[in-house]
Amino acid sequence: MLKEKLTEKMIVFYKGNIRDINHFIKVHAFASLIGKMEGIDAETLNTLEIAAIVHDIACPLCREKYGNTNGARQEEESEALLVEFLREFHLSPEVEKRVIFLVTHHHTYDAVNGIDYQILLEADFLVNAGESEKYATAIGQFRKNVFKTATGHRLLKEIHDGT
């Protein structure tokens, strides 16, 4: 029930921005699918799914403050928003800390530490490549340098015709 309540709260948070709502729902779906197909443990999957739901929490603020949703700015602005947003869900300190870490690094593609981090990067890219020409033109580079899971590779190939 936690993930459902988080999802509902994010929908309200985005104030009718259908693009942002659709984006996080798709990233969550891909993250969940990849995590399950890769056989990650239930606790890691739960943390990954929470992070996927809230991964772009800073986008509205960044649009207002900077006029764009630059990844580095999202990472900078996310932590304060997450601390407040997650408070009512009473996550364990370990889960909250990891979710914040994942969200504040989801545009950082080096020094990936953990399967949850890896899968979040892959899930976000799968969705971004379908929504943005910038990401679509980088499929080959991401396939070679970012994607590590077998499931992520299969999905990337199937969705983007092996480009």
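Visitor: What does Y66 count as at 27% relative accessibility?

Guide: Y66 counts as partly exposed. Buried means under 20% relative accessible area, exposed means over 50%, and partly exposed is in between, using a 1.4 Å probe and protein chains only.

Visitor: Where is Y66 placed?

Guide: Y66 is in helix α4, residues 59-66. Helices here are DSSP runs of H or I with at least four residues, strands are E runs of at least two, and both are numbered from the N terminus.

Visitor: And what is Y66 in contact with?

Guide: Setting aside neighbours within four places in sequence, Y66 is in contact with L61, R73 and E77. Contact means heavy atoms within 4.5 Å.

Visitor: What kind of model is this, and how are residues numbered?

Guide: It is a predicted model, in which local features need pLDDT of at least 70, side-chain atom pairs count only at pLDDT 80 or more, and totals for chains, interfaces and linings use all residues. Residues are numbered from 1 along each chain as its sequence is written, and side-chain values use heavy atoms, leaving out hydrogens and water.

Visitor: What is the mean pLDDT of the chain?

Guide: The mean is 92, and 96% of the residues reach 70 or more. pLDDT is the predictor's confidence in each residue, from 0 to 100.

Visitor: Where is confidence lowest, and where is it highest?

Guide: Confidence is lowest in helix α8, residues 133-136, with a mean of 70. The highest is in helix α3, residues 42-54, at 98.

Visitor: New topic. How many residues are in the largest nonpolar core?

Guide: There are 44, and L6, M10, V54 and V99 touch the most other members. Eight helices each supply at least two residues of this core: α1 (2-13), α2 (18-37), α3, α5 (71-86), α6 (93-103), α7 (115-131), α9 (139-145) and α10 (150-159). The largest share, nine residues, comes from α7. A nonpolar core is a set of buried Ala, Val, Leu, Ile, Met, Phe, Trp, Tyr and Cys residues joined through side-chain atoms within 4.5 Å.

Visitor: What does V54 touch?

Guide: Not counting residues up to four places away in sequence, V54 touches L6, M10, L82, F85, V99 and V103.

Visitor: Which residues of α6 are buried?

Guide: In α6, V95, R98, V99, I100, L102 and V103 are buried. The buried residues of α6 pack against α3, α5 and α7.

Visitor: How do the axes of α2 and α10 cross?

Guide: They come within 9 Å and cross at roughly 130°. Axes are lines fitted to C-alpha atoms, for helices over the stretch in contact, and angles run from 0 to 180 degrees between N-to-C directions. α2 and α10 are therefore oblique to each other. Angles under 35 degrees count as roughly parallel, over 145 as roughly antiparallel, 65 to 115 as roughly perpendicular, and the rest as oblique.

Visitor: Which residues make that contact?

Guide: From α2 there are F30, L33, I34 and M37, and from α10 there are T151, G152, R154, L155 and I159.

Visitor: Staying in α2, is H23 buried or exposed?

Guide: H23 is in α2 and is buried, with a relative accessible area of 3%. Apart from neighbours within four places in sequence, H23 is in contact with H55, D56, D124, V127, N128 and E131.

Visitor: Last one. What is the phi of K15?

Guide: The phi of K15 is positive, about 45°, although K15 is not a glycine. K15 lies in the loop between α1 and α2 and is exposed, with a relative accessible area of 77%. A111 also has a positive phi, near 55°, in a residue other than glycine. A111 is in the loop between α6 and α7 and counts as exposed at 68%.
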